[in-house]
Amino acid sequence: MRGVVGVLALQGDFREHKEALKRLGIEAKEVRKVKDLEGLKALIVPGGESTTIGKLAREYGLEEAVRRRVEEGTLALFGTCAGAIWLAREILGYPEQPRLGVLDAAVERIKDGTITAANASQISDGAAGVLI
């Protein structure tokens, strides 16, 4: 896939994602407003705090604009950590949390402690799941 990759830059580790793309020779652009989505082939949603990402994306009109592009098949998505939570169809224990809801997955947020204290767990079908 050739083209510009956007990195959602509302909150979280967007700078690190943009730098990683740059090291790979991929043109990257920070996305903060709907107009920033123009010309993008893909969007990376980085880690950070999923509730904040969701609220800001909704407030700035990005939630609907990104969802529309995904449904049209004109935008690929990749989410890490909080970004993956925002993409998920269901966030267990947080039914009212803003989310894009385009990833057919149910995710569980860390309830206690820090990300470094999280570990592997069982997925409903018995496969191992690891927080990434």
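In these legends, a residue is buried when its relative accessible area is under 20%, exposed when it is over 50%, and partly exposed in between (1.4 Å probe, protein chains only). This is a predicted model: local features need pLDDT of at least 70, side-chain atom pairs count only at pLDDT 80 or more, and totals for chains, interfaces and linings use all residues. Residues are numbered from 1 along each chain as its sequence is written, and side-chain values use heavy atoms, with hydrogens and water left out.

View 1. Helices (H or I, at least four residues) and strands (E, at least two) are DSSP runs, numbered from the N terminus.

View 2. Just after the helix comes glycine 25, with a positive phi of about 80 degrees.

View 3. The 4 strands line up in the order 2-1-3-4, with parallel pairing. Strand 2 (28-31) and strand 4 (76-79) are at the edges with a single partner strand each, so one side of each has no neighbour in the sheet. Two strands count as paired if DSSP finds at least two bridges between them.

**View 4. Strand 1 pairs with strands 2 and 3.** Strand 1 (residues 4-8) runs parallel to strand 3 (residues 40-45), and the two pair over 4 bridges. Valine 7 stands opposite isoleucine 44 in strand 3. Another 4 bridges join strand 1 to strand 2, where leucine 8 stands opposite valine 31.

**View 5. Glutamate 63 is tucked inside.** Glutamate 63 belongs to helix 3 (residues 62-72), and it's buried, with a relative accessible area of 6%. What does its side chain make a polar contact with? The partner is the side chain of arginine 58, at 3.0 Å. A polar contact is a pair of N or O atoms within 3.5 Å; within protein, one must be able to donate a hydrogen and the other to accept it, and residues adjacent in sequence count only if both atoms are side-chain atoms.
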